[in-house]
Structures are given as structure tokens and as C-alpha cells.
Amino acid sequence: MNTFLSKLSPSITDMIRMDHAHVMTAFHQYEAGSSPRVKKGLVDSVSVALEIHAQLEEEIFYPALRAVEDTDFMKKSVPEHDEMRRLIGQLRKLEPGDAKYDETFYELMNHVIHHVADEETLLLPAAERVLADQLGELGARMTKRRLQLAAPRTGEIAGGMARAMGPGALVAGAGALLACGYLLARPRGDRAAWVRRGQKTAQR
Ligand SMILES: [Fe+2]
Ligand SMILES: [Fe+2]
């Protein structure tokens with residue numbers, strides 16, 4: 001593991017909490033009365049963030065925790081991710097003007113809020129108890145894997161945020177990715193390109 005990246009990376013549990021906080025903030029910004037463009041931008045951005053987050057948990061966090069402590073919630077966590085993916089798939093088939101768009105997004109929101117509440121009250125404290133000496137290393141592994149998963153989707157992430165909230169969203173979007181170590185781990189030229197790409201998308 002790259003030592004520089006290891007030092008920059010938060011613990012895996014802090015990283016998961018930051019991802020949750022980012023998605024909850026985006027949920028609060030969704031309004032049924034917003035324009036279709038804004039709604040779609042927000043939904044696209046949230047969907048990518050959730051898909052990457054769920055994959056990271058399934059590949060790195062859940063197996064590490066399951067190796068030392070298998071709880072009932074661990075058994076339902078992946079099926080809950082699958083239900084989340086099903087709802088995201090439904091949203092992608094709908095247009096933001098469709099009558100079912102808001103209803104489906106609220107269903108996704110409700111599902112994710114309950115899942116996150118269980119993770120934050122059960123899984124994260126358990127991990128901090130039984131994986132205390134591995135949290136930093138697992139965080140670094142998660143940062144490395146996030147780069148691999150997010151790199152081909154940066155256009156979707158930046159574009160969705162920019163459409164949802166205009167150019168000002170780039171600050172929030174960049175902040176969210178900084179928090180998860182994505183932009184920090186990019187070369188300086190890449191970071192500037194990411195911001196420029198989002199600015200162009202916001203102007204379209
Ligand atoms: Fe999860
Ligand atoms: Fe989570």
C-alpha cells in the first residue's frame with residue numbers, strides 16, 4: 001500500500017460515515033417541485049455515490065467485519081444493497097417528469113436512511129471494537145479501490161452534481177470527493193480537469 005495514500009486516508013469507519021453524510025445532504029436537496037433537470041442531476045449523482053459506496057462495503061468492509069463478528073444485520077446488508085440497486089435501476093428507466101419518479105426516489109431515500117441508521121448504530125461501532133487495529137489499513141484499501149471505481153465515472157459524478165445545483169455545486173462535489181480521498185489522490189492536473197469538466201457540464 002502506498003504510504004502517502006495510507007496517511008491521507010481516514011479510517012474505514014470515518015470514510016463510511018462521510019459517504020453517508022454526503023448522501024443524506026443530497027437527499028435533503030431533492031424537492032418534488034424542482035425542475036426535471038435538477039431532479040435528474042441529483043438522482044444521477046446520488047445513484048453513482050450509492051453504487052460505489054455499496055460495492056466498497058461489500059468488497060472490503062463487510063468481509064473484514066464478517067471474519068471476526070457475524071451479526072444478523074450482516075446477513076441482510078447485501079440483500080438491502082440489492083434492493084437499493086433495484087430502485088436505482090427503476091429510476092434510470094424513468095424520466096424525471098414521470099409520475100412515479102418522485103415516489104421511487106422517496107422509496108430509495110427511505111430504504112437507504114434505514115440501512116444507514118443500522119450501519120451507524122450497529123456495524124460501525126462493532127467494527128471500531130473488533131477491528132480497531134485494522135481501521136487505517138482498511139481505509140487506505142477503500143481509498144485505493146474507490147479511485148478504481150470512480151475514475152471511469154467522474155463525468156457522471158461531476159455532471160450530475162453540476163446539473164443538480166449549478167456551478168456552485170462543484171464546491172460541494174469537490175468537497176465530497178476530497179473527503180473520500182478521491183481528489184487528494186489525483187495528480188494536481190487531474191483535479192483541475194475534474195473541476196473544468198463539471199463547469200462545462202453546468203453550463204450546458
Ligand atoms: Fe451498506
Ligand atoms: Fe454504508
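Predicted model: local features only at pLDDT ≥ 70, side-chain atom pairs only at ≥ 80, totals over all residues.
Local features here need pLDDT of at least 70, and side-chain atom pairs count only at pLDDT 80 or more. Residues are numbered from 1 along each chain as its sequence is written.

The iron ion (ligand 2) has four protein donors: H20 (NE2), H53 (NE2), E57 (OE) and E119 (OE), at 2.0 to 2.2 Å. Donors are N, O and S atoms within 2.8 Å of the metal (3.2 Å for Na, K and Ca), and sites may look incomplete because water is not among the atoms. The angles subtended by the four donor atoms run from 79 to 169°, so the arrangement is irregular.

H53 and E57 sit four residues apart in helix 3 (residues 36-68), which means about one helical turn separates them. Helices are DSSP runs (H or I, at least four residues), numbered from the N terminus. H53 is buried, with a relative accessible area of 8%, and E57 is buried at 0%. Buried means under 20% relative accessible area, with a 1.4 Å probe and protein chains only.

The axes of helix 2 (residues 12-29) and helix 5 (residues 99-130) come within 11 Å and cross at roughly 160°. The two helices are therefore roughly antiparallel, a term for angles over 145 degrees. Their contact (heavy atoms within 4.5 Å) includes H20 of helix 2 and E119 of helix 5.

Key: Chains lettered and ligands numbered in written order. Heavy atoms only, no water. Tetrahedral: all angles 85-135°; square planar, octahedral: opposite > 155°, others 65-115°. Buried < 20%, exposed > 50% of the residue type's maximum accessible area, 1.4 Å probe, protein only. Axes fitted to C-alpha atoms, helices over the stretch in contact; angles between N-to-C directions. Parallel < 35°, antiparallel > 145°, perpendicular 65-115°, else oblique.
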